[in-house]
Amino acid sequence: KTMKHNNSITVLVSGGFTFLADYLKKSLGFDHAHANSLEICANNLKKMYLTGNVIGPILDKQAKSRYLDEYVINNKLSYEDTLCVGDGANDIDMIRRAGLGVSYNGKNALEKEANVHFKKTNLLGLLYAQGYSDNQIIF
């Protein structure tokens, strides 16, 4: 079995950009993805180009916590039911509130707050941290 077989909801919240978050959502099977949107315009030759501007609001550390709140409330969960993973200081508030807060190659400030620290593993370790065994994981 996998997390999906156990009715888990997987959400990717990134301070990066939608093109990568949407790609990861699709390729890794996340249920939801939230990230910043880059402005794309067309010139007078109808060629598309990036302006370098971010279409607001910018997804920051407060937004990460708000999304956590939203999914907890909308799915009638407790914060103890959640697992959050981050790598930087902008993840601290979210990590503090999660039932299991994971620092993945995290900055020192985040490591002080996280329950679990991953430095020499891939994200498969998240399944093991939740109690899954090799025979329950579908590769």
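User: Why is asparagine 105 called partly exposed?

Analyst: Its relative accessible area is 40%. Buried means under 20% relative accessible area, exposed means over 50%, and partly exposed is in between, with a 1.4 Å probe and protein chains only. The value for asparagine 105 falls in between, so the residue is partly exposed. This is a predicted model, where local features need pLDDT of at least 70, side-chain atom pairs count only at pLDDT 80 or more, and totals for chains, interfaces and linings use all residues. Residues are numbered from 1 along each chain as its sequence is written, and side-chain values use heavy atoms, with hydrogens and water left out.

User: Which other non-glycine residue has a positive phi, near 55°?

Analyst: Lysine 76. That residue is in the loop between helix 2 and strand 4.

User: Why does lysine 76 count as exposed?

Analyst: Its relative accessibility is 75%. That is over 50%, so lysine 76 is exposed.

User: What makes the bond from glycine 56 to proline 57 stand out?

Analyst: The bond is cis, with omega near -5°. Most peptide bonds are trans. Proline 57 belongs to the loop between strand 3 (48–55) and helix 2.

User: How many helices and strands does the protein chain have, and what makes a run count as one?

Analyst: Five helices and six strands. Both are DSSP runs, numbered from the N terminus: helices are H or I with at least four residues, strands are E with at least two. From the N terminus on, the order is β-α-β-β-α-β-α-β-α-β-α.

User: Why is serine 103 called buried?

Analyst: Its relative accessibility is 1%. That is under 20%, so serine 103 is buried. The residue lies in strand 5.

User: What is serine 103 in contact with, beyond its neighbours within four places in sequence?

Analyst: Contact means heavy atoms within 4.5 Å. By that rule serine 103 contacts Gly86, Leu110, Glu111, Ala114, Val116, His117 and Phe118.

User: Why does valine 13 count as buried?

Analyst: The figure is 18% relative accessibility. The limit is under 20%, so valine 13 qualifies as buried. Valine 13 is part of strand 1. Not counting residues up to four places away in sequence, valine 13 touches His34, Leu59, Lys64 and Tyr67. Valine 13 and valine 85 are 72 residues apart along the chain, with their C-alpha atoms separated by 9.8 Å.

User: Why is histidine 32 only partly exposed?

Analyst: Its relative accessibility is 32%. Histidine 32 lies in strand 2 (residues 32–42). Its contacts, leaving aside neighbours within four places in sequence, include Ile9, Lys25 and Tyr71. From histidine 32 to alanine 21, eleven residues apart in sequence, the C-alpha distance is 9.3 Å.

User: And leucine 123: why is that residue partly exposed?

Analyst: Leucine 123 has a relative accessible area of 44%. That again lies in between, so the label is partly exposed. Leucine 123 is in the loop between strand 6 (116–118) and helix 5. Leucine 123 and valine 85 are 38 residues apart in sequence and 9.5 Å apart in space, C-alpha to C-alpha.

User: What makes a region a pocket, and which residues lie nearest the centre of the largest one?

Analyst: On a 1 Å grid over the protein atoms alone, a pocket is an open set of points with protein on both sides within 12 Å along at least five of seven lines. Lining residues have an atom within 4 Å of a point. The largest pocket is lined by 49 residues, and Thr10, Val11, Phe30, Val85 and Leu126 lie nearest its centre. Elements giving two or more residues to that lining include strand 1 (11–17), helix 1 (18–28) and helix 5 (125–129). Strand 1 gives the most, with seven residues.

User: What share of the protein chain counts as buried overall?

Analyst: Of its 139 residues, 27%.

Conventions: 1 Å grid on protein atoms, 1.4 Å probe; cavity = no way out; pocket = protein on both sides within 12 Å on 5 of 7 lines; lining within 4 Å.
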